[in-house]
Structure formats: C-alpha cells, structure tokens
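These are my notebook entries on one protein model. I recorded what I looked up, topic by topic.

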Amino acid sequence: MDKSEYIKKRIRACDYMCVAQLFLSDDFLLERPLGFDDVKPRLLGHWGTCHGINVAYANLKTFYEGNDNFSFVLGPGHGFPALQANLFFDGELEKVDPNATRDIRGLSYVCHNFSWPDGFPSHASPYTPGTIVEGGELGYALANAYGMALGHPEKIIAVLVGDGELETATALDSLNLRALLCGPKNGKILPVLHLNGYKISAPSLYARRSERELNEMIRGFGFTPVMIDGDDPEVFQNALKQKVDSPFYILKTEKGAGGPNRHHESHQIPLKSPMNNSNDLRALEEWLQSYNFKDLFDAEKGFVL
Ligand SMILES: Cc1ncc(C[n+]2csc(CCOP(=O)(O)OP(=O)(O)O)c2C)c(N)n1
C-alpha cells in the first residue's frame, strides 16, 4: 500500500480508539445502535490534542521504521488516549500487559479500562510502557530528551511539545540545550512543536504570533524552522526528508480535529452527557461512525490496514 494511505489509515484507527477510550464502556465495534449503557457514566480525559499526537506518532514511526536508535518523546501526557492507542496499535502494550491482545478482546479491555476504577489512569503513568517522567507537570519533555541523547551519538529523538507546554519556563529554557549539547558526542534532538492554537481553552502565545516572528524566535535558539501545515502525510514525510541543520518542526493542526467541536471547546470531553442525553448520544455515534473503524479492524485478526 502507498505509504501516505497507510499513515492516513493508522491515524484514523488511532483517532477512533481515542474516542472509544474516552466514551465507551461497551459496543466497541458499534455492532448495535449505541445506547446510554454503552457510555461511561463519568467521562474524564483529554480529546483536543489527540489527533495531532496521532499524526505526529504515525508519521515519525513510519519515517524511522526499522531504525532502533529512533525514539519518540511525548510531552503532553494528558493526550494519553492517543499514546495508549499507538502503543496498542504497535503491540507495545501487549508486551507488558497480556490482556492487550490486538483483537476485539484486547480492544475492549483497553477502551473499557481507560479512566476507569482500578483500570488505566486518564494520563500517562508509570504503567505506560516507556514512561520516563510522570507527574502531570508540563515542560520536561525536551530536557528529558536531551538527557537521553547525552553520550549517545547514535540516537535520534523526536520530541512533541505542546504550544501551551512551550510557554512553561522549563520547556522554553530547554531550547538553550541545543547550543550546549549539539556536539558529535551526543544524539540528535528533533523538536516538533504541536501548534494546535490553544492551551486548555485560551489561545497559545505562539499561535498568536506571526509565522515570521515564530520562525525568528526558533532561529534565535539555533534551530531551522520547518513548517508542517495540516495533517497530510505527504507534507509531513517531505518535511522529514528535508536536509537542514538542527530542524525544528512546527506541526500545525486544528485542536479537536475530527470531533463535534473544535479549538478551545475540545480540550477535554467535547460531548458532555451522551450517557443520558439522546442528542449527545447520537452525536457521539455519528462521530465514531465517521472513522469507519470496521474497515480497519477485524474482531479476530485485529488491524487490517
Ligand atoms: C507546569 C504545568 N502547568 C499547567 C498545567 C495544566 N495544564 C494541563 S494541559 C495544559 C494545556 C497544555 O497546552 P498544550 O501544551 O498546547 O497542549 P494541547 O493544547 O495540545 O492539549 C495545561 C496548562 C500542567 N499540567 N503543568
């Protein structure tokens, strides 16, 4: 299959799994009309950032496929549904949790237990394979990545940083680490700024700057800005192919893309009462159906991309 088509399908599958984790307690393949009882009674988690995380994850994993020295560091731990979806998709979760088999049983287990008593937490946690730091505090992704790269020139580490996250003193000052640690003895860091425009419900500072101002700030730290506007895999893959010194990718996606409301309204749970309100329930069903997940996942064989 064409690489771009594969990436698009992977993003679609992971987007669906994000919505299923956030909302569903049953009927994970939509085999009957969705009922109130199929929805979790208490909805807790974050949707807005998920699509962009899935876009970054799918593109970076595909571009560096087969390179054991590549790692992806995710700053926004609140985007856990997307992280968990990708770990499930790649079979990483099953390696540490035998219940997470890549069939309908594993899918049900992962979705049902997201943000559920005695199940998975709503944020990345020590239970998440590959977690370096957990604590719910934004800002440490770049510093941790530079630490991982220290003394490992073979490593390539892409780091997704939220535009709200880059407003923290820790993340912003971590950009100075490039000047200190870009020598031949250390690995290569590829920052990816997730410019989805909002931090929780307020516009992010970087989204309100002109592209020229943002680029100049990035150049000031010694990086070369590379814009990835939108979620088209062709654009992302071409950006990754560009040979530039110290690239700093800017991934511009719409917060909440694919969901019933966007931007500042999409940060946590976009539909408030699908467990007891018919309009919200129908909106949730339409949203889930829009991904055509059944074309991507077979109950017994798992993913059929
Ligand atoms: C140090 C710190 N300050 C504040 C918060 C609360 N907080 C959680 S998510 C969030 C917004 C993050 O915005 P961004 O990084 O742009 O993520 P996205 O918009 O993609 O969800 C904030 C401020 C936090 N977790 N840590």
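**Entry 1: Around the ligand**

I looked up the ligand and found 21 residues around it, the closest being T49, G162, G164, E165 and K199; a residue is near the ligand if its C-beta atom, placed from the backbone, lies within 6 Å of it. I sorted this shell into four nonpolar, twelve polar and five charged residues. Here Ala, Val, Leu, Ile, Met, Phe, Trp, Tyr, Cys and Pro count as nonpolar, Asp, Glu, Lys and Arg as charged, and the others, Gly among them, as polar.

I note that this is a predicted model, in which local features need pLDDT of at least 70, side-chain atom pairs count only at pLDDT 80 or more, and totals for chains, interfaces and linings use all residues. Residues are numbered from 1 along each chain as its sequence is written.

**Entry 2: Helix 6**

I looked up helix 6 (residues 141-149) and found A141, L142, A145, Y146 and A149 buried. A residue is buried if 20 or more other C-beta atoms lie within 10 Å of its own, exposed if 12 or fewer, and partly exposed in between. Helices (H or I, at least four residues) and strands (E, at least two) are DSSP runs, numbered from the N terminus.

After helix 6 comes G151, with a positive phi near 75 degrees.

**Entry 3: V159**

I then looked up the contacts of V159, leaving out residues up to four places away in sequence. Among those that V159 touches are A141, L142 and A145, which I had listed as buried in helix 6.

**Entry 4: Helix 12**

I checked the length of helix 12 (residues 278-289): its twelve residues, at 1.5 Å a residue, should span 16 Å, and its end C-alpha atoms are 16 Å apart, which agrees. The expected span is 1.5 Å times one less than the number of residues.

The buried residues of helix 12 are L281, L284 and L288. They fall within an arc of 60 degrees, so they line one face of the helix. S278, N279 and E286 are exposed on the other side. Helix 1 is included in what covers the buried residues.

Definitions and conventions
Two residues are in contact if their C-beta atoms, placed from the backbone, lie within 7 Å. The arc is that of the directions from the helix axis to the C-beta atoms.
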